[in-house]
Structures are given as structure tokens and as C-alpha cells.
Amino acid sequence: MSTVASPGATGAGSTTTAVTVTRVHRLFAAQGKGSSVSALEDVDLTVADGEFVSLIGPSGCGKSTLLRLIADLDQPTSGTVEVFGKPAQRARLDHDYGIAFQQAGLLPWRSVTANVELPLELHGMDRRARRDRVGELLELVGLSDFAKHYPDQLSGGMQQRVAIARSLAEKPKLLLMDEPFGALDEITRERMQNELVRIGAETGAAVVFVTHSIPEAVFLSDRVVVMSPRPGRIVDVVPSDLGAAERRDDSFRDDAAFFHTVARVREHLHGTPVSGIRGVENQ
Amino acid sequence: MTSALPVRLSGRDPRTRMRVLLAPVVLGVLVLGLWQLAVESFEIDPFVIPSPQAIFDRFITNISSIVDGVTVTGRNALMGLVIGAVIGIVGALLASATWIFDEMTAPLVAALSVIPIVALAPVLYTLYGAAAETARIIVAALSVIVPVYLNTLRGLRQVRPVHRDLMRSHAASAPQVARTVTLPTATPYVFTGLRIASSLAVISALIAEYFGGPVGGLGKSITSAAASSNYPLAWAYVLGAILLGLAFYVVTLLVERFFTRHTGSD
């Protein structure tokens, strides 16, 4: 349990880190006079290259705040956030990460193609190269037939796939996802999870994934970071090294090891041992 | 987001579309029939209300002078609409870019919106001379500025937080954010403002004619026909004014539809 497998990591010997969060605090000024709310308190976290890490916890535990700090959409009150060894702001300006939000956040007046190529267009890639890349990305998310459609003509799941394709446009080595499947129905959600496992394996990117679904976190991740609210802090990190990404398919959802890990995460979330879950004994 | 839009006709099945179109046509024919019947059977005098038949006759026989009137009033309204729209849009862009301009103009816009703008017409005629159309164009433009300004400004403030985050995560520059997100978000609102303003432009240009200025235009024709007791002809000009207003409305509505065809995903 001491080492955590990081499948897909390049340069096996020297595992560089994708994200390093050191002693981060984030205070929000509250509405009342003088008082403030501690959204994150003394948070340390490292994510290795190619590693899939989920942040899980109840509402208000600061998991989305932590993701926003890594993305440099917000700044810590104290502490440091580094992405690929540089300050988070530098990493954002260098386009080092791709991001997907709970809302797909597509631009409704742009076609699927134009939405996916947005980051490439903003960063000055020429038209021909853009079209080629968009073709690959749409194939990756299985939407090649919908290139000319507009977001309002797509289902929620398809919109989210377009958003994921957009986040992958610049082949980032780090993918930040803030409950991207939160608004989807259970069936679509499981299909999207399967696709994300496949995409993760194909691109070899590190992923930081915010969710409030325990099975989702366990199914997708190499490690599950369990957080607690008020103040938001990391309670524990549960390894979910259940094998390489290729093994994570629908049958894996029925695996005993899967249930075992789900039980462990749940135990940390509730703060008390959960006994008798499917007869699995906790260490 | 665009719930203020009237019912969409496109994208429905043909039978529903037929019913949506047919219902008002049937009602219109019915009202006209009852009107004609009432005028004939109660022998109502034309100065109270002429029969639709009489109005339509005058409309046909005087079609060339009605077209002339529509041309004059329509040109004034269109120029007023364009000038007022440019001022309104530019003003809104300035107001959204600099809060100080917004603070400065807010009371001015409130004041402008309560001025009965056509009441300025007599003053403007003395300013610019009663032989020029200038006063009428200015009245039309003034009536257009406020709705276009307010709608555009509202549109510029509709950028969704997720889009703002997205652009920030891509390290987009301010001009890039304006071009790819802010302006496209505001565009449907601009055209909603223009649709509302288009009818106002026609009404203002027409009513300004009542207060003086050169001969020509529907407003002048209505007053002169009524003054010579030719009531069916006055009503025929009113019909011309209705058609002109409708044309402005429909054109701006279609443009608005075009620009709102892909709004409201997730």
C-alpha cells in the first residue's frame, strides 16, 4: 500500500509530478462583517504524471475550489500550487491543462466543430491543422457524424462529450474535470465513464476529477482523495489500484475488489467504520 | 433566455403550423365582415367609421400617393432607426467597458426614456427649418436609442460564468473574449432591441409629421385627408401606415430569428 501505481506514466524511472499542492489555505470573505469561511485548510496533494486522481466529498468540502486553484481560476490565500513544476498561473498561460466543467459550457452559436477547435483557434493554430485535429478528436469521442450540428441539437451526454473533446484539443498532459457527468442520467453516466477510462489510457494524461459519486471515483481512479467540509480538508487518500485501465470495463463494476474499495471510501466519508458491507472485512 | 420571443412557426408539424396561421386569418375575415355589415345595416356615417369596403376602394384608387407617403415616412423611419441604433449600440459598448460612463449615463437614459419625444418635433422644426426632413429623422432616432441601448447593455452582461472560466482557462486576451464570447452573447439582445425600436421609429416619424414640416409622408396625408372630410381616404392612409409598421416589424423579427436560432444549450 506504500506505492501507488501510475499507469500510463511516461519515463518510468523518474516519475515527474503533474500537480503539487503544498499547504494550501483558501478563505472566502463571508457576507457578514469581518467573518470568513475556510473553504480549504492545510491541503497537500501531489498528482503524478499520467495518474488519475478523484476528489470526493460532500457539498462544501472545497473539492471544486481545489480544482479551481489548480486551474488558476482562483488563487490560494496561502500556500503554493504548482503544475508541472511551474506556478499555476504560468501553467495556465502556457496552456498546460485542459478543463471540463459540470455544465458543458459550449458556445451555442458555434457548431460542434467550431466549439472543439476554440482553444486551437485562440492559440493561433492554422485552419488546416485545426480541422485535422478536430476530426481526430470527434472520432475519439464518437461524434464524427455530428461535426456540423449545433449544441442545442445534441443531448446532454453528447454536449458533454463535445466539451471533453474540446478539453483534449491541445493534447494536454493534465486534464481537470469538475463533475463533468454530474448532470447526466445514470446510464449515460456509466457509458461516459467507460469512455473516459479509454480516453485516459489513449492520451496518457494525468486527470484530476471532482465528483460526489463514490462508485464513479473508485471506478475511474488510481487514487481517491476523500475530503470533509467546514473547514475543507483532506481526510484520507484511498488507493484504488485495481489494475490497468484496460481492465476497467463494465465487468469490473461487479468485481469484489471494486466493492471493497467503495466500502473503504464510504467509511472515510462517514468517519465511522461501515461494517458488514457484502462481508468484506476492512483492514 | 429569449422567452420574450413570439411563438416560433418553424420546426412544427405542418398541421399545427396551419392552425397557428389560419386562426388569426379567420378571426380577421370575421371582424371585417361584421364591421362591413354593421356600417351598412346601421347606416353609420363615414366620419364615425367608414366601411372596410370604402377604405379598400380608396386604398386602390390612391395607391400611388399612398406609396409616395410610405416612401417618405419609411425613409425617415429607416434613417432614424439606423442612426439611433448606432448611437444606442456604441453607447452600450462604452457603458459596459467603463463603469464610470455607465454611472454617468444611467440618469440620462432614464430621463430620455420618459421624454415624450414627438413633443420635441415643433422645437426641432424651428431649429432645422420646416422644409427639411431632419427634424423627423431626429425624432425617430431619439425614440430608437433607449430600447436599443438598454437591450444591448443587458446582452453584454449575460456572459455565463462557465464561459468566463473557460476563456480564462484558455488564457484568452481581452479582445479574444470580446470577439468569441461577449459580442456573440449580446447579439440576440441587440436584435430584440431593434425589433422593439423598429415600430417606435415608424410611429415617431409619422406622428412628427402632425406637428409641421414639409408636405409628404403618411402623417401629413392623414391630417389633410381628414381636414377635407375625406374620411375613407384618411383611413386608407392609416392602412398604409399599418402596412409600413408591419413591414419594419417583420423584417427586424426575421433578422432577430436568424441571430437567435442557436441559443439556449445546456
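## Helical spans of chain B

In chain B, residues 77-101 are 96% helix and 0% strand, with 29 Å between the end C-alpha atoms. Helices (H or I, at least four residues) and strands (E, at least two) are here DSSP runs, numbered from the N terminus. The model is a predicted one, in which local features need pLDDT of at least 70, side-chain atom pairs count only at pLDDT 80 or more, and totals for chains, interfaces and linings use all residues. Residues are numbered from 1 along each chain as its sequence is written, while chains are lettered from A and ligands numbered from 1 in the order in which they are written.

An unreviewed UniProt entry lists residues 20-38, 77-101, 108-128, 134-150, 189-213 and 233-255 of chain B under "transmembrane region". UniProt positions follow the numbering used here, feature names are shortened, and annotations may be inferred rather than shown by experiment. Residues 134-150 of chain B are 100% helix and 0% strand, and their end C-alpha atoms lie 25 Å apart. The unreviewed UniProt entry also lists residues 70-255 of chain B as "domain: ABC transmembrane type-1". That span is 83% helix and 0% strand, with its end C-alpha atoms 22 Å apart.

## Helix pairs in chain B

Helix α8 (residues 174-208) and helix α10 (residues 231-259) of chain B have axes that come within 8 Å and cross at roughly 170°. This makes α8(B) roughly antiparallel to α10(B). Axes are lines fitted to C-alpha atoms, for helices over the stretch in contact, and angles run from 0 to 180 degrees between N-to-C directions. Angles under 35 degrees count as roughly parallel, over 145 as roughly antiparallel, 65 to 115 as roughly perpendicular and the rest as oblique. Among the residues that meet are F191(B), L194(B) and R195(B) of α8(B), and F248(B), Y249(B) and E256(B) of α10(B); two residues are in contact if their C-beta atoms, placed from the backbone, lie within 7 Å. By class, this contact of α8(B) with α10(B) has 14 nonpolar, 6 polar and 2 charged residues. Ala, Val, Leu, Ile, Met, Phe, Trp, Tyr, Cys and Pro count as nonpolar, Asp, Glu, Lys and Arg as charged, and the others, Gly among them, as polar.

The axes of helix α3 (residues 63-97) and helix α9 (residues 218-227) of chain B also come within 8 Å, crossing at roughly 135°. The two helices α3(B) and α9(B) are therefore oblique to each other. Their contact is formed by S65(B), G69(B), V70(B) and T73(B) of α3(B) with L218(B), G219(B) and S221(B) of α9(B). It contains 2 nonpolar, 5 polar and no charged residues.

## Two sheets in chain A

In chain A, 4 strands form an open antiparallel sheet in the order β2-β1-β4-β5. Strands β2 (36-48) and β5 (86-87) of chain A each have a single partner strand, so one side of each is left without a neighbour in the sheet. Two strands pair if DSSP finds at least two bridges between them. Strand β1 (residues 17-29) of chain A is joined to β2(A) by 9 bridges, and T20(A) has T46(A) as its bridge partner in β2(A). With strand β4 (residues 78-83) of chain A, β1(A) pairs over 5 bridges; there V21(A) is partnered by V81(A). In the hairpin of β4(A) and β5(A), 2 residues lie between the strands, and F84(A) takes a positive phi near 50°.

A further open sheet has 6 strands in the order β6-β7-β8-β3-β9-β10 of chain A, with mixed pairing. Its twist averages 15° from one strand to the next. Strands β3 (residues 52-56) and β8 (residues 206-211) of chain A pair in the parallel sense over 5 bridges, and F52(A) stands opposite V207(A) in β8(A). Helix α9 (residues 256-270) of chain A lies across β3, β9 (223-228) and β10 of chain A, at about 165° to β10(A).

## Domains and the contact between chains

Chain A is divided into domain 1 (18-96 + 172-270) and domain 2 (106-171), with bounds from an automatic or database domain assignment. The domain centres, taken over C-alpha atoms, are 25 Å apart. In chain A, 11 residues of domain 1 are in contact with 11 residues of domain 2. Helix α7 (residues 186-203) of chain A gives the most to the domain 1 side, with 4 residues.

Between the chains, 21 residues of chain A are in contact with 17 residues of chain B. Elements giving two or more residues to the chain A side are α2 (88-93), α4 (118-122) and α6 (156-167) of chain A. That side has 14 nonpolar, 5 polar and 2 charged residues.
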